[in-house]
Amino acid sequence: QVQLVESGGGLVQAGGSLRLSCAASGSIFRINAMGWHRQAPGKQRELVAVITSGGGTYYTDSVKGRFTISRDNAKNTVYLQMNSLKPEDTGVYYCRADLVSGLSTQARWGQGTQVTVSS
């Protein structure tokens, strides 16, 4: 069984910074992409950033230039550095890892960590 454990959320004022971490543990063969999604109250979950096993990255437009995703493959850990935070960044942030098992890939999700940005 594979678990993803997130940490680093909290309350911060607008303009501040937070760093989220997500560590995968358990029986892991290989992880392809890892990413962060978020869900604001009353809204659907949305993709924030993704990083491939080779280091390629994608960001949703609203966070480009402010957020940086990175990963440590040796530790099966993905990070999200969030700078210049805005109230609209508030939400529950979920980590996702695409786990390779044999010929298939399965997505695993973390439990979520709350990020609240006050104005």
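Select Cys22 first: at 0% relative accessibility, Cys22 counts as buried, where buried means under 20% relative accessible area, exposed over 50% and partly exposed in between (1.4 Å probe, protein chains only). The model is a predicted one, in which local features need pLDDT of at least 70 and side-chain atom pairs count only at pLDDT 80 or more, while totals for chains, interfaces and linings use all residues. Residues are numbered from 1 along each chain as its sequence is written, and side-chain values use heavy atoms, with hydrogens and water left out.

Cys22 belongs to strand S3 and Cys95 to strand S9 (residues 91-101), so the pair ties together parts that are 73 residues apart in sequence. Strands (E, at least two residues) and helices (H or I, at least four) are DSSP runs, numbered from the N terminus. The torsion about the S-S bond of Cys22 and Cys95 is about -75°, so the disulfide is left-handed. The structure holds one disulfide.

Leaving out residues up to four places away in sequence, Ser21 touches Val5, Glu6, Ser7, Trp36, Val78 and Tyr79; contact here means heavy atoms within 4.5 Å.

**The nonpolar core**

Select Trp36, Leu80, Met82 and Tyr93 together: these have the most contacts inside the largest nonpolar core, which has 27 residues. Such a core is a set of buried Ala, Val, Leu, Ile, Met, Phe, Trp, Tyr and Cys residues joined through side-chain atoms within 4.5 Å. Elements giving two or more residues to this core are S3, strand S4 (30-39), strand S5 (46-51), strand S7 (67-72), strand S8 (77-82), S9 and strand S11 (113-118). Centre the view on Met82, whose contacts beyond four places in sequence include Leu18, Leu20, Phe67, Tyr93 and Val115.

**Charges over rings**

Two arginine-tyrosine pairs follow. Arg19 lies over the face of Tyr79, at 4.2 Å from the ring centre. In the second pair, the charged end of Arg45 sits over the ring of Tyr94, 3.7 Å from its centre. The criterion is that NZ of Lys or CZ of Arg is within 6 Å of the ring centre and within 35 degrees of the ring normal.

**The loop at Gln44**

Proceed to Gln44, found in the loop between S4 and S5. Is Gln44 buried or exposed? With a relative accessible area of 73%, Gln44 is exposed. Apart from its neighbours within four places in sequence, Gln44 is in contact with Arg38 and Gln39. A C-alpha to C-alpha distance of 12 Å separates Gln44 from Tyr93, 49 residues away in sequence.

**The whole chain**

Finally, display the complete trace. The protein chain contains zero helices and eleven strands. Its radius of gyration is 14 Å, close to the 14 Å that the globule rule gives for 119 residues, so the chain is as compact as a globular protein of that length. This radius is taken over C-alpha atoms, and the rule is 2.2 Å times the number of residues to the power 0.38. The C-alpha trace spans about 45 × 25 × 25 Å along its principal axes. Of the 119 residues, 40% are buried.

Definitions and conventions. Disulfide = S-S within 2.5 Å.
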